[in-house]
Amino acid sequence: LAQKYDPQKEAELRTWIESVTGQQIGPDFQKGLKDGVILCELMNKLQPNAVRKINRSAQNWHQLENLSNFIKAMASYGMNPVDLFEANDLFESGNLTQVQVSLLALAGMAKTKGLQSGVDIGVKYSEKQQRNFDEAKMKAGQCVIGLQMGTNKCASQSGMTAYGTRRHLYDPKNQILPPMDHSTISLQMGTNKCASQVGMTAPGTRRHIYDAKTGTEKCDNSSMSLQMGSNQGANQSGQVFGLGRQIYDPKYCPQGSQGEVANATCDQSGDPPGYHYYREEEES
């Protein structure tokens, strides 16, 4: 903060305060304003009766009271709170840079309010310019496309070829010459110079995959590899084509041959097998 302090601005502030108040600050700028008397006189010149009581005592608390009254008067004068300094910034030389910034802002506010002085110091505050448009003007502005969305005023189709035709990408300025032969395929698109159909069979025929170098020799095409499975142990014993298949277990079915069981099942009487044998014994 101390490096930001500007001695040239200090000289301008000294000249401005002395010309407005008519009092001399002295060789030391900080000690001349430390008691707050000159600053309170400055505030009363800018705005009459801004500081009603000015303590001219040499006691510290009286001087601090003058600085506090001056800061309150600057706030009521219209200064921004960020431009104000604290009493200890000037009284104890805590932040003389902030004191300088506050006094420069005060000079700019005085210039804005029309104070005429022989020293041109401070930046004049901008004035508010409020414009009131009618409803028709506001609706007309909604149809205008802002430049933040872009513009097509400078766009054109100069140099563009017709739609559907070939576009040649070359630029004489960048030493890219036009192609001499349009039938030549650039190497950027790839090449088929090393490609051939050696060893390829005719389309639609069977392709045998074997290699004598790796020990994969050509075998019989009619033989089926064991990787595909085998049907060597399969037979059709016990299969009856077109007939009903009797599913029974001798452990749980009546004893006898298959023919006897079938005849007993197909008997026209409709009686169960057990009742059939019982009736024959009764007749005998």
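Reader: Which side chain meets Glu-12 in a salt bridge?
Author: Lys-9 does, and the N to O distance is 4.0 Å. Keep in mind that this is a predicted model.

Reader: Where do Glu-12 and Lys-9 lie?
Author: Both lie in helix H1, three residues apart, about one turn of the helix. An α-helix has 3.6 residues a turn, so residues three or four places apart point the same way.

Reader: How exposed is Glu-12? And Lys-9?
Author: Glu-12 is partly exposed, with a relative accessible area of 24%. Lys-9 is partly exposed too, at 33%.

Reader: What about Glu-41, which side chain does it meet in a salt bridge?
Author: Arg-56, at 2.9 Å, N to O. Glu-41 sits in helix H3 and Arg-56 in the loop between H3 and H4, so this pair ties together parts 15 residues apart in sequence.

Reader: Is Glu-41 buried or exposed?
Author: Glu-41 counts as buried, because its relative accessibility is 19% and the cut-off for buried is under 20%. Arg-56 counts as exposed, at 59%.

Reader: How many salt bridges does the structure hold?
Author: Four. One of them joins Glu-135 and Lys-139, with the closest N and O atoms 3.5 Å apart. Both of these residues are exposed.

Reader: Back to H1. Which of its residues are buried?
Author: Among them are Leu-13, Trp-16, Ile-17 and Val-20.

Reader: What covers the buried residues of H1?
Author: The cover includes helices H2, H3 and H6.

Reader: What happens at the two ends of H1?
Author: At the start, a side-chain oxygen of Asp-6 reaches to within 3.2 Å of the backbone nitrogen of Gln-8. Just after H1, Gly-22 takes a positive phi of about 80°.

Reader: New topic. Which residues touch the most other members of the largest nonpolar core?
Author: That core has 37 residues, and Trp-16, Phe-70 and Leu-106 are among those that touch the most other members. H1, H2, H3, H4, H5 and H6 each give two or more residues to this core.

Reader: What is Leu-106 in contact with?
Author: Leaving aside neighbours within four places in sequence, its contacts include Trp-16, Met-43, Phe-70 and Met-74.

Reader: Last one. What is the mean pLDDT?
Author: It is 76, and 64% of the residues reach 70 or more. Over residues 273–280 the pLDDT is below 50. Where pLDDT is low, the predicted coordinates should not be read in detail.

Conventions
Residues numbered from 1 in each chain as written. Heavy atoms only, no water. Buried < 20%, exposed > 50% of the residue type's maximum accessible area, 1.4 Å probe, protein only. Helix = DSSP H or I, 4+ residues; strand = E, 2+ residues; numbered from the N terminus. Contact = heavy atoms within 4.5 Å. Polar contact = N/O pair within 3.5 Å; in protein donor to acceptor, adjacent residues only side chain to side chain. pLDDT = per-residue confidence, 0-100. Core = buried A, V, L, I, M, F, W, Y, C linked by side-chain atoms within 4.5 Å.
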